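Please find below a colleague's note, written for a reader who is new to protein structures.

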Amino acid sequence: MKDLQQHKVNYLNQFKERTYGRNLLKSDDVFDAPSEECGIFGLYSDTDLDTFSLSQFGLFALQHRGQEACGISVIKNGKIVNVKDEGLVLDVYKNIREPETFMGNSAIGHTRYTTAGDKKKYNFQPFFAKNEYDQIILSIAHNGNLTNAQELKKELEAEGVVFKATSDSEVILRLIQKNLDLGLRGAIKATMEKIEGAYSVVGMTRNKFFAFRDFHGIRPLVLGAIDEKTFVAASESVALDAVGAQYVRDILPGEIVYTSENEKGLKSFLVKENCVNKICAFEYIYFARPDSVLENINVHEIREKSGMKIWEQAPVEADIVIGVPDSGVPAAIGFSIASGIPFRPVLIKNRYIGRSFIVPTQEMRERIVNLKLNPILSEIKGKRVVIIDDSIVRGTTSKRLVKILKDAGVKEIHFRSVSPPIIAPCYLGIDTPSKDDLISANMSVEELRNYLGVDSLEFLSMDNLKVILGSSNHCFGCFTEEYPVPAGPNPDYTDE
């Protein structure tokens with residue numbers, strides 16, 4: 001038990017010094033892992049501070065939520081300055097030649113994951129709106145997906161609004177801009193009453209900061225404070241930790257938090273009372289960093305409990321338990337605690353590997369897997385092994401992992417997924433394959449067991465997932481095909 005406690009400590013401590021890798025095995029096959037759209041970060045203070053460094057730290061902590069592009073907007077001396085470019089957070093910041101230009105009293109930032117849509121720079125966030133003097137007057141960063149974006153865009157274009165990008169996030173920007181004569185809070189309220197879907201947003205005018213969240217709270221948004229004058233909003237609590245902020249609470253579904261020009265501090269306004277929180281269950285299973293806290297629930301503890309629960313649901317005789325780094329490790333630890341079967345971190349990952357290799361042949365692409373993850377042969381040869389993974393999406397990477405273990409001489413392989421079968425795509429801010437590409441939507445568990453070539457296969461049940469989360473009030477759409485909001489006429493209209 002002492003060894004397991006040390007494994008926990010070591011596992012969580014590593015993310016303080018490097019970015020979270022989720023499941024390294026899946027990173028080369030974008031169709032075999034759901035991908036989060038982005039991470040957002042916002043900071044406001046009554047006085048000037050080093051917004052350049054603090055926004056960099058906060059976004060770096062959210063790097064796992066998007067690796068394609070990064071951008072920031074900063075209020076400096078009553079003016080908004082903006083920079084955004086493709087690449088990782090540290091790469092984008094490294095190319096900023098004059099950091100002092102981005103030191104002011106407020107900053108918002110965005111780290112982006114690109115789906116199948118347009119990857120052009122005009123879709124990078126934050127988005128901003130200008131006045132007739134070519135000055136930026138409004139900037140926002142958005143995480144989520146609007147389901148009625150096409151309809152709203154057509155309405156706005158009919159009124160003469162010109163769009164610069166192909167992202168649904170710009171619809172939010174233009175609606176707020178259109179309604180600014182109602183005051184900032186009124187403009188946001190009018191926008192929230194028009195848009196549908198999932199959205200967590202941070203933003204700024206030239207003298208104000210704001211953040212708001214959809215009526216179902218589908219995408220996460222947490223609130224923190226560095227001191228009584230400095231507030232932070234971000235997709236995950238790890239971004240608060242990165243800038244030395246104290247976690248205060250999660251921003252409520254349907255809530256606007258904002259600053260006022262005439263009053264100090266952060267104000268709150270509920271656009272709609274008594275909203276039911278339907279935060280995405282997959283945040284806890286896969287997306288969030290394990291050292292995050294969402295809705296007062298520790299992500300690592302949820303993942304550890306999922307391993308315990310799947311042991312109760314589907315016990316098996318085995319010699320060792322292994323987890324797929326990084327996201328499968330906490331569940332493997334939980335499985336070991338519940339079963340008494342020793343946990344061994346035998347899949348060793350190369351921490352210096354890039355996101356992908358450019359190789360021309362399928363044969364060479366298959367070899368990449370062993371560059372990313374390599375087993376310690378002496379630990380598994382001739383053993384009965386339980387392999388714990390967070391999910392199975394298309395199944396190709398799970399099959400590759402099984403091959404690695406078989407080539408290493410494993411005697412038996414028992415595969416456990418600590419999420420229910422994924423049977424439906426997501427329309428609310430997660431990039432998942434179409435239903436035709438989701439293997440559990442097209443195969444029975446027994447058919448999938450045969451396809452993977454394992455001795456047994458089990459998925460965590462929906463009932464047990466609800467028990468672990470302590471509530472049925474989550475979005476379970478990818479497991480049940482039932483969503484908190486309708487998908488809309490064209491759910492593919494977005495690349496944010």
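The numbered points below concern a predicted model and take up its sheet, a hairpin, an annotated site and its cysteines.

1. Six strands form an open sheet in the order 6-7-8-9-13-14, and their pairing is antiparallel. The edges are taken by strand 6 (127-130) and strand 14 (266-270); each has a single partner strand, so one side of each has no neighbour in the sheet. From one strand to the next, the twist averages 15°.

2. Strand 9 (residues 209-213) pairs with strand 13 (residues 255-259) over three bridges in the antiparallel sense. Within this pair, Phe210 stands opposite Tyr258 of strand 13.

3. The helix across the sheet. Helix 5 (residues 169-178) lies across strand 6, strand 7 (136-146), strand 8 (197-205) and strand 9. Its direction is at about 135° to strand 7.

4. The partners of strand 10. Strand 10 (residues 222-227) and strand 11 (residues 230-234) are antiparallel and pair over five bridges; a hairpin of two residues joins strand 10 to strand 11. Here Val222 has Ala234 in strand 11 as its bridge partner. Strand 10 also runs antiparallel to strand 12 (residues 246-250), to which four bridges join it. In that pairing, Gly224 stands opposite Tyr247 of strand 12.

5. The annotated site. Which residues carry the feature "binding site" in UniProt? The unreviewed entry places it at Ser327, Asp389 and Asp390. These positions spread over 64 residues of sequence, yet they cluster in space, with a largest C-alpha distance of 7.3 Å.

6. Two residues of that site. Ser327 is found in the loop between strand 17 (320-323) and helix 10 (329-339), while Asp390 is found in the loop between strand 20 (384-389) and helix 13 (396-407). The side chains of Ser327 and Asp390 make a polar contact at 2.6 Å. Ser327 is buried, with a relative accessible area of 2%, and Asp390 counts as buried at 0% relative accessibility.

7. The cysteines. How many disulfides does the structure hold? The structure holds zero disulfides. For Cys475, the closest cysteine sulfur is that of Cys280, at 5.9 Å, which is too far for a bond, because a disulfide requires sulfur atoms within 2.5 Å. Cys475 is buried, with a relative accessible area of 8%. Cys38 is buried as well, with a value of 0%.

Conventions
Residues numbered from 1 in each chain as written. Predicted model: local features only at pLDDT ≥ 70, side-chain atom pairs only at ≥ 80, totals over all residues. Heavy atoms only, no water. Buried < 20%, exposed > 50% of the residue type's maximum accessible area, 1.4 Å probe, protein only. Pairing = 2+ DSSP bridges. Axes fitted to C-alpha atoms, helices over the stretch in contact; angles between N-to-C directions. Contact = heavy atoms within 4.5 Å. UniProt positions renumbered as here; feature names shortened; annotations may be inferred. Polar contact = N/O pair within 3.5 Å; in protein donor to acceptor, adjacent residues only side chain to side chain.
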